[in-house]
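User: I'm new to this one and I'd like to know where the labels come from. Could you walk me through it?

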Amino acid sequence: MSEPAAATTPRYLKTPDAAVHLGLSARTLEKHRCYGTGPVFRKLGGRIVYAIEDLDAWAALGTRRSTSDPGNGVVHPAKRLPTDCVRR
């Protein structure tokens with residue numbers, strides 16, 4: 001007898017699922033990818049996928065305790081930035 005397949009949590013999410021995970025629209029996440037302001041992604045063949053850890057790390061950059069808290073990082077809006085602001 002074969003054992004039932006164990007339910008596993010996916011390690012990588014496609015753009016629509018990654019957007020849901022972050023509470024963004026898929027289009028916003030696509031814009032972040034184009035402008036270089038979003039989370040790290042992987043291109044596997046012709047598909048774009050995001051590691052859940054990378055999504056959470058990117059979202060953590062926006063963590064603040066109050067409106068006056070400068071925080072440890074910046075989550076830029078999904079728009080073109082001056083070249084000195086883009087993460088490399």
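Analyst: Of the 88 residues in the protein, 22% are buried, where buried means under 20% relative accessible area, exposed over 50%, and partly exposed in between (1.4 Å probe, protein chains only). This is a predicted model, in which local features need pLDDT of at least 70 and side-chain atom pairs count only at pLDDT 80 or more, while totals for chains, interfaces and linings use all residues. Residues are numbered from 1 along each chain as its sequence is written, and side-chain values use heavy atoms, leaving out hydrogens and water.

User: What is the secondary structure of the protein?

Analyst: The protein has three helices and three strands, in the order β-α-α-β-β-α along the sequence. Helices (H or I, at least four residues) and strands (E, at least two) are DSSP runs, numbered from the N terminus.

User: Why does His32 count as buried?

Analyst: His32 has a relative accessibility of 4%, and the cut-off for buried is under 20%, so His32 counts as buried. His32 sits in helix 2 (residues 26-35).

User: And what makes Thr37 buried?

Analyst: Same test: Thr37 has a relative accessible area of 5%, and under 20% is what buried asks for, so Thr37 is buried. You'll find Thr37 in the loop between helix 2 and strand 2 (42-44).

User: What makes the link between the side chains of His32 and Thr37 a polar contact?

Analyst: The two side chains come to 2.7 Å. A polar contact is a pair of N or O atoms within 3.5 Å; within protein, one must be able to donate a hydrogen and the other to accept it, and residues adjacent in sequence count only if both atoms are side-chain atoms.

User: Which residues is His32 in contact with, beyond its neighbours within four places in sequence?

Analyst: Thr37, Gly38, Trp58, His76, Pro77 and Ala78, with contact meaning heavy atoms within 4.5 Å. The C-alpha atoms of His32 and Ala78 are 4.8 Å apart, though 46 residues separate them along the chain.

User: Why is helix 1 called oblique to helix 3?

Analyst: Helix 1 (residues 15-22) and helix 3 (residues 52-60) pack at about 40 degrees, their axes 11 Å apart. Angles under 35 degrees count as roughly parallel, over 145 as roughly antiparallel, 65 to 115 as roughly perpendicular and the rest as oblique, so helix 1 is oblique to helix 3. Ala18, His21 and Leu22 of helix 1 make the contact with Ile52, Leu55, Asp56, Trp58 and Ala59 of helix 3.

How values were computed
Axes are lines fitted to C-alpha atoms, for helices over the stretch in contact, and angles run from 0 to 180 degrees between N-to-C directions.
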